Protein chains: 2
Amino acid sequence: MQRYFILFSYKGTTYHGWQRQPNGVSVQQVLEEALSTVLRVPIAVVGAGRTDAGVHARLMVAHFDTEPLVEPMRLVGKLNSLLPYDIAVKKILPVTPEAHARFDAMARRYEYWVTQEKNPFLRDQAAYVRGTLDFEKMNQAARRLMEYTDFTSFSKLHTDVKTNNCKITTAYWEKRGDCWVFVIEADRFLRNMVRAIVGTLLEVGRHKMDVEGFVAVIEKKNRCAAGTSAPAEGLFLVDVRYPLDIYLNT
Amino acid sequence: MQRYFILFSYKGTTYHGWQRQPNGVSVQQVLEEALSTVLRVPIAVVGAGRTDAGVHARLMVAHFDTEPLVEPMRLVGKLNSLLPYDIAVKKILPVTPEAHARFDAMARRYEYWVTQEKNPFLRDQAAYVRGTLDFEKMNQAARRLMEYTDFTSFSKLHTDVKTNNCKITTAYWEKRGDCWVFVIEADRFLRNMVRAIVGTLLEVGRHKMDVEGFVAVIEKKNRCAAGTSAPAEGLFLVDVRYPLDIYLNT
């Protein structure tokens, strides 16, 4: 058997998130079905992480095991023909047998896209936020995130993770075309964390909270202190990084 | 009465083009209905030009007459609430009484977007063209367009226009992100012209035609010499320019 990493992107609008669900179609299910059809054996994949319903991925990574493939790139074409328009496979790479899409991921990067004008071309691919936003203040607050590690305030209650510690290495807003984009990178993220951070930063942007108020929210370590979660459609997983030694040269 | 220019964008995927049709919903019809509802009188608009079914506009201009508006920008918000997600009004500007959205347009600019990889986020917003394309050769051919004025070879047969002469001032391919974009500007365009040009340039890109062959197509002045039209979903009207003296300062 050989282990492979599969790199792909998806538009999450019509899916009940990444992870298999008893009631609702997930990206994982559709991808596993396509792999199983093309490889003619049941294939299970392990993803780098979860994305919630409606959240997108410009780059998502998962691993699976199968008999060694003669031409992994031919598999990419077959999968893309079989998969619906909203899931696109980019690459399939052989990795070491113990490489793990979730446990070996060193860093994950998300983007949150905000449009301030009605835009027919960004349907379900950006949050439409009306009213003036003070992006300078939002950036001042975002920078403060990197001074902390416990993000209980931005986590979902009652999840089963052992620690709420994350090391955030990047956090800023920048203008891209007609949109504002929040870029955040960390070694790990708690469930709902990016959307809770963005929702709270939007309150800073509306001057309903000042930068010190934002810092106080972090320090409270209490989910009820943060703002409402920003909607799913603006959120994109855009990168997952691994140590280079897990990739095999073939 | 006061004449206004209305500036708007639309995703053309679900429309039977810009112009009112007996059987099929057009952008013009939906826009006129929204204006008539908000202004409470029947409003007819005259567009800067036509776009075919499935073609988009990042910027389209039309004119209409109505009683002077106290706050044109408030009308923008009302129209956007009423219009579906795929039509967005950007501005409403008072113009001189004889200003005409079609006859006064000095230049129109189109973009044609090509993606060479399956992309979940460009559904209906770029043509997915497989296989290697020689963009250097396509650019060499595109530049030759500016040496000619009669584009009969790239026009629809049996249209009622008096002349097939157009002055093309811009024509090039450039890479934008993961896409290749063909940018073309001219004083006027014939029906189907951009898609016929792009379809023929793609043949140059595939080495099925060389640059001199492309020039020969132009010189033949015969529609049957050109390649197949490129699909509608890649085409965007992106700009229409007018002489500044038609805009009123208010």
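**Helix packing and selected residues in a predicted two-chain model**

In chain B, α3(B) passes α5(B) in a right-handed crossing (right-handed means that the near helix is turned clockwise from the far one by less than a right angle, left-handed that it is turned anticlockwise). The model is predicted: local features need pLDDT of at least 70 and side-chain atom pairs pLDDT 80 or more, while totals for chains, interfaces and linings use all residues. Residues are numbered from 1 along each chain as its sequence is written, chains are lettered from A in the order in which they are written, and side-chain values use heavy atoms, without hydrogens and water.

Helix α3 of chain B spans residues 135–144, and helix α5 of chain B spans residues 211–220. Helices are DSSP runs of H or I with at least four residues, strands are E runs with at least two, and both are numbered from the N terminus. The axes of α3(B) and α5(B) lie 9 Å apart, at an angle of about 30°. Axes are lines fitted to C-alpha atoms, for helices over the stretch in contact, and angles run from 0 to 180 degrees between N-to-C directions. The angle therefore makes α3(B) roughly parallel to α5(B) (under 35 degrees; over 145 is roughly antiparallel, 65 to 115 roughly perpendicular, and the rest oblique). From α3(B), the contact (heavy atoms within 4.5 Å) involves B:Lys137, B:Gln140, B:Ala141 and B:Arg144. From α5(B), B:Val211, B:Glu212, B:Phe214, B:Val215 and B:Ile218 take part. The residues of this contact of α3(B) with α5(B) comprise five nonpolar, one polar and three charged. Ala, Val, Leu, Ile, Met, Phe, Trp, Tyr, Cys and Pro count as nonpolar, Asp, Glu, Lys and Arg as charged, and the others, Gly among them, as polar.

In chain A, helix α3 (residues 135–144) packs with helix α4 (residues 193–205). Their axes come within 8 Å and cross at roughly 135°. That angle makes α3(A) oblique to α4(A). The crossing of α3(A) and α4(A) is right-handed. A:Lys137, A:Met138, A:Ala141 and A:Ala142 of α3(A) meet A:Leu201, A:Leu202, A:Val204 and A:Gly205 of α4(A). Six residues of the contact of α3(A) with α4(A) are nonpolar, one is polar and one is charged.

A:Lys118 sits in the loop between β5 (107–115) and β6 (127–128) of chain A. A:Lys118 counts as buried, at 16% relative accessibility (buried is under 20% relative accessible area, exposed over 50%, partly exposed in between; 1.4 Å probe, protein chains only). Its C-alpha atom is 6.9 Å from that of A:Tyr128, ten residues apart along the chain. Beyond neighbours within four places in sequence, A:Lys118 contacts A:Tyr128, B:Asn80, B:Leu83, B:Pro84, B:Tyr85, B:Ile87 and B:Ala88. A polar atom of the A:Lys118 side chain lies 2.8 Å from the backbone oxygen of B:Asn80. The backbone oxygen of B:Pro84 is 3.0 Å from a polar atom of the A:Lys118 side chain.

A:Glu185 belongs to strand β8 (residues 179–186) of chain A. At 6% relative accessibility, A:Glu185 is buried. Not counting residues up to four places away in sequence, A:Glu185 touches A:Ala107, A:Arg108, A:Arg109, A:Lys167, A:Ile168, A:Thr169, A:Thr170 and A:Arg241.

Two loop residues of chain B have positive phi. B:Arg40 lies between α1 (27–39) and β2 (46–47). Phi of B:Arg40, a residue other than glycine, is near 60°. B:Arg40 is exposed, with a relative accessible area of 76%. B:Lys221 lies in the loop between α5 and β9 (235–241). Phi of B:Lys221 is positive, near 50°. B:Lys221 is partly exposed, at 47% relative accessibility.

How values were computed: Polar contact = N/O pair within 3.5 Å; in protein donor to acceptor, adjacent residues only side chain to side chain.
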